[in-house]
Amino acid sequence: MTATLDPTLAEACREYYRKLTAGVAVVTACGPSGWSGTTVSTVTSVSLRPPILLCCMALDSRTLTAIRHAGCFAVHLLADDQPDLADRFSRSPSDSTRFADLGYEVRLVDGRPVISGALAVAWCELHDSTQVGDHQVVYGRVSGVRIGRGRPLAWHDRAYQALVPGGHR
C-alpha cells in the first residue's frame with residue numbers, strides 16, 4: 001500500500017534528500033537480455049562477518065531484474081573523474097546501449113560485467129532483498145573486491161562533487 005504524502009512534506013523531503021551527500025556507484029548484472037547496469041547513490045556496508053553491502057534501486061529497474069535472474073552483481077564505486085559513467089548509466093537508453101562505445105574495458109568476471117577503471121569494485125552474490133517504499137533494498141554478500149586509485153565521485157545537491165584533500169575545517 002502506498003502512503004499518501006502531504007505535498008508540502010514531500011517537497012521538504014526532496015529538499016532534505018538533496019542535502020545528503022553520497023558516493024556514486026554503478027551496479028551491473030547479466031540478465032536474460034544480456035548485460036544491465038544502473039547508477040545508484042545508495043551503497044552502504046552492512047556487515048563484515050559475513051561481508052554484506054546494500055544498494056537501493058528503483059522497483060522498475062532492469063538491473064534489479066537482472067540481479068534477480070543471475071543471483072549476482074558487481075558494484076563499481078566511481079572515481080571523481082568518472083561522471084560520464086554515472087550519467088551514462090543513469091539515463092533511459094536500452095541496457096545494450098549503455099555498454100556500447102563505453103570507453104572503458106568491460107569483462108565478464110564470474111558472471112558479472114565488470115567495468116575497468118573504477119575506484120573500487122565488489123563482486124556480490126544476492127543475499128536478500130526487501131521492498132521499502134518505491135525502491136528495492138538489495139543486499140549482496142561480497143565474494144571479491146578490486147581496489148583502484150583516485151578519489152570518490154560524490155553526489156550532493158543534484159550535482160557531482162569531488163572531495164578535496166584537507167577540505168574539512
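Throughout this report, two residues or elements touch when they are in contact, meaning heavy atoms within 4.5 Å. This is a predicted model, so local features need pLDDT of at least 70 and side-chain atom pairs count only at pLDDT 80 or more, while totals for chains, interfaces and linings use all residues. Residues are numbered from 1 along each chain as its sequence is written, and side-chain values use heavy atoms, with hydrogens and water left out.

Helices (H or I, at least four residues) and strands (E, at least two) are DSSP runs, numbered from the N terminus. Two strands pair if DSSP finds at least two bridges between them. With that in hand, let us begin with an open sheet of 7 strands, which pair antiparallel in the order 3-2-6-9-10-5-4. Strand 3 (34-40) and strand 4 (43-48) are its edge strands, each pairing on one side only. On average, neighbouring strands of this sheet are turned by 35° against each other, direction ignored. Such angles use axes that are lines fitted to C-alpha atoms, for helices over the stretch in contact, and run from 0 to 180 degrees between N-to-C directions.

Two helices pack on this sheet. Helix 2 (residues 62-70) touches strand 2 (25-31), strand 3, strand 5 (51-58), strand 6 (72-77), strand 9 and strand 10, and its direction makes about 50° with that of strand 2. Helix 3 (residues 83-90) touches strand 2 and strand 3, and makes about 115° with the direction of strand 3.

| Strand pair | Bridges |
|---|---|
| Strand 9 and strand 10 | 12 bridges |
| Strand 5 and strand 10 | 7 bridges |
| Strand 4 and strand 5 | 5 bridges |
| Strand 11 and strand 12 | 4 bridges |

Some partners can be found by name. Leu-126 has Gly-140 in strand 10 as its bridge partner, and Cys-56 stands opposite Val-137, also in strand 10. Val-43 stands opposite Cys-55 in strand 5, and a hairpin of 2 residues joins strand 4 to strand 5.

**Inside and outside**

Buried means under 20% relative accessible area, exposed over 50%, and partly exposed in between (1.4 Å probe, protein chains only). Strand 5 is largely enclosed by the rest of the structure, because 6 of its 8 residues are buried.

Leaving aside residues up to four places away in sequence, Ile-67 touches Val-27, Ala-29, Met-57, Cys-72, Phe-73, Leu-126 and Val-138. The C-alpha atoms of Ile-67 and Leu-53 are separated by 14 Å, and these residues are 14 residues apart along the chain.

Tyr-16, which lies in helix 1 (residues 7-19), is exposed because its relative accessible area is 55%.

Another open sheet has 3 strands in the order 1-11-12, with antiparallel pairing. Strand 1 (22-23) and strand 12 (159-162) stand at its edges with a single partner strand each, so one side of each has no neighbour in the sheet. Strand 11 covers residues 153-156, and His-156 has Ala-159 in strand 12 as its bridge partner.
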